[in-house]
Amino acid sequence: MDETEVLVKLEAHEHEISSVKERVKDLETQNMALQDLAISVNRMAVSLENMLKEINKQGKRLTVLENVPVENGKTLRSAVITALAGGIIGVFVTAVIAIL
């Protein structure tokens, strides 16, 4: 090989090295983008998990709040029945006393 051939091959190698450097640079950029994406996905998963926990807590609180009117209704119903029963018994006792 003479000097000209060596220079031509050297030029070709330099061109290939330059091309490889660009490809490596592009791959590093893509790798960083993938790492950023993975971190973002992880953060989203944590956020979703926290939201799910909060939704479950709110569901339990909602169930308790929904049961309050039911309990109040039961208490009111019991009070009305007790008052009616007491009134009926009072009328009956008064009628019995009036008869005597």
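Biologist: Is E54 buried, partly exposed or exposed?
Modeller: Buried means under 20% relative accessible area, exposed over 50%, and partly exposed in between (1.4 Å probe, protein chains only). E54 has a relative accessible area of 35%, so E54 is partly exposed. A word on the source: this is a predicted model, where local features need pLDDT of at least 70 and side-chain atom pairs count only at pLDDT 80 or more, while totals for chains, interfaces and linings use all residues. Residues are numbered from 1 along each chain as its sequence is written, and side-chain values use heavy atoms, leaving out hydrogens and water.

Biologist: Which residue forms a salt bridge with E54?
Modeller: Side chains of opposite charge can pair when their charged atoms come close. A salt bridge is a side-chain nitrogen of Lys or Arg within 4 Å of a carboxyl oxygen of Asp or Glu. Here R61 is the partner of E54, with the closest N and O atoms 3.2 Å apart. R61 is partly exposed, because its relative accessible area is 47%.

Biologist: How many salt bridges does the structure hold?
Modeller: There are 2. K53 and E49 also meet through their side chains in a salt bridge, at 3.6 Å from N to O. Both K53 and E49 lie in helix α1, 4 residues apart, about one turn of the helix. (Helices are DSSP runs of H or I, at least four residues, numbered from the N terminus.) K53 has a relative accessible area of 46%, so K53 is partly exposed; E49, at 44%, is partly exposed too.

Terms used. Helix = DSSP H or I, 4+ residues; strand = E, 2+ residues; numbered from the N terminus.
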